[in-house]
Amino acid sequence: MALLIKNGEIITADSRYKADIYVEGETITRIGQSLEAPPGTEVIDASGQYVFPGFIDPHVHIYLPFMATFAKDTHETGSKAALMGGTTTYIEMCAPSRHEDTLEGYQLWKGKAEGNSYCDYTFHMAVTRFDDKTAAQLREIVKDGINSFKIFLSYKGFFGVDDGEMYQTLRLAKELGVIVTAHCENAELVGQLQQKLLSEGKTGPEWHEPSRPESVEAEGTARFATFLENTGATGYVVHLSCKPALDAAMDAKARGVPLFIESVIPHFLLDKTYAERGGVEAMKYIMSPPLRDKRNQKALWDALAMGFIDTVGTDHCPFDTAQKLLGKDAFTAIPNGIPAIEDRVNLLYTYGVSRGNLDIHRFVDAASTKSAKLFGLFPRKGTIAVGSDADLVIYDPSYRGKISAATQSVNNDYNGFEGFEIDGKPRVVTVRGKVAVRDGQFVGEKGRGKLLRREPMYF
Ligand code: URP
Ligand code: ZN
Ligand code: ZN
Ligand code: ZN
């Protein structure tokens, strides 16, 4: 099967030009002017459109037992929604709890994805406890092509690790050439503040943010950086949400700590007033770290524009209205998560590039290229070049529309970005040379998505 994409404007993290792209099988084999194709080639006219490298979401939850329930997605539903929004690869958190066997967890997560995903995927392997047996298993998992770990400083007793386990995990990661991603909130403080608020009768969703204030995230971020500094490991803060945490991360970067920063799309566009609306409407906006005071958003946009925030993910984690209502008597029981896998690229393009807050190359970098580089997928993914996988997004910048749960592919009964205007949309999306979205309609092939092997990086 060959594919020829004609007359598009190719935009990568560092280049912009008009050219045709020729794809043979799964790979880009030629880029040039006025390319001719043999008979039988599928030709797509991309006149007036941008052609971006397939976008990469570095932080999603698909299969996730969490807070007395399960996140709603399967790889079938999650990858379809991803592709409709231009994301052609995602990195899922493989997160067995600390009461489960790590290797069995890894096999379980792998099994959930195998044969079910429309797009390519890989995992960050969560380290939720540390002992000799787990360390030996982690070595095997790295050999299987997983080159990133995940630790949670929060969620004590479930996913969370203590400082000793964090130290041991970072030492192993340093030895193996594995980057460690971390959810940075002080677990002890969150637990104490939750109990205090509940004992004062403060049980509604509006108390979620005060139970995990900005300073609690800043402390977790600073502590993670201190542990990186003293182990030589390379780290990546996930879903950084506020200026104090950003300042802590920037302090660490300034002293030379190898630390990268991810923020997620909800924190750029939604603020804590959404979680103060009362009732289930508020519960839909509960995630951790929580939606913050709006003044943080400018700090995030500025840091993103300058490249201090490296990547933008989603932390996609869908729970429907009925699941959110598990927390009707206490905010501590509201399942945490706001789904965004389908909307991340369109929102970042619209409120970043189209509205003048973000250079278009930085947009491609933050939503695709940088994740490919940090997690061992570049240049196979994250760019448009001869030899790269033909994961391509033909994007229509003239589209105007609004986000709505009524038209979404995401497997959920609401959309946290309901009514948000969108200034662009993927028209065609390919997965290794095969069209998965055509004229905005889903035509993907279940099981085409593959687990991507990633090698150690030794930063
Ligand atoms: O609220 C969130 N973030 N839900 C998913 C779990 C996590 O902490 O990433
Ligand atoms: Zn991540
Ligand atoms: Zn997290
Ligand atoms: Zn997450």
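Okay, housekeeping. It's a predicted model, where local features need pLDDT of at least 70, side-chain atom pairs count only at pLDDT 80 or more, and totals for chains, interfaces and linings use all residues. Residues are numbered from 1 along each chain as its sequence is written, chains are lettered from A and ligands numbered from 1 in the order in which they are written, and side-chain values use heavy atoms, with hydrogens and water left out.

Let's start with the rings. Phe, Tyr and Trp rings (six-membered ring for Trp) pair if their centres lie within 6.5 Å; planes under 30 degrees apart are stacked, over 60 edge-to-face, and the rest tilted. That rule gives 25 aromatic pairs. Take phenylalanine 66 and tyrosine 155: their centres are 5.3 Å apart and their planes at 85°, so we call the pair edge-to-face. It ties together distant parts of the chain, 89 residues apart, with phenylalanine 66 in strand 7 (residues 65-66) and tyrosine 155 in the loop between strand 11 (148-152) and helix 4 (163-176). Helices and strands here are DSSP runs, H or I of at least four residues and E of at least two, numbered from the N terminus.

Are those two buried or exposed? Phenylalanine 66 counts as buried at 6% relative accessibility, and tyrosine 155 is buried at 18%. Buried means under 20% relative accessible area, exposed over 50%, partly exposed in between, using a 1.4 Å probe and protein chains only.

Another edge-to-face pair is tyrosine 121 with phenylalanine 123, 5.9 Å centre to centre and 70° between the planes. Both of those residues, tyrosine 121 and phenylalanine 123, are buried. There's also a cluster linked by ring pairs: Tyr50, Phe52, Phe55, Tyr349, Phe363 and Tyr395.

Next up, strand 14, residues 259-264. All 6 of its 6 residues are buried, so the strand is largely enclosed by the rest of the structure. Leu259, Ile261 and Ser263 cover one side, and Phe260, Glu262 and Val264 are on the other. Strand 13 (residues 235-237) runs parallel to strand 14, joined by 3 bridges; pairing takes at least two DSSP bridges. Tyrosine 236 stands opposite phenylalanine 260.

Last, the helices. Helix 8 (residues 243-254) and helix 11 (residues 295-305) have axes that come within 9 Å and cross at roughly 35°. Axes are lines fitted to C-alpha atoms, for helices over the stretch in contact, with angles from 0 to 180 degrees between N-to-C directions.
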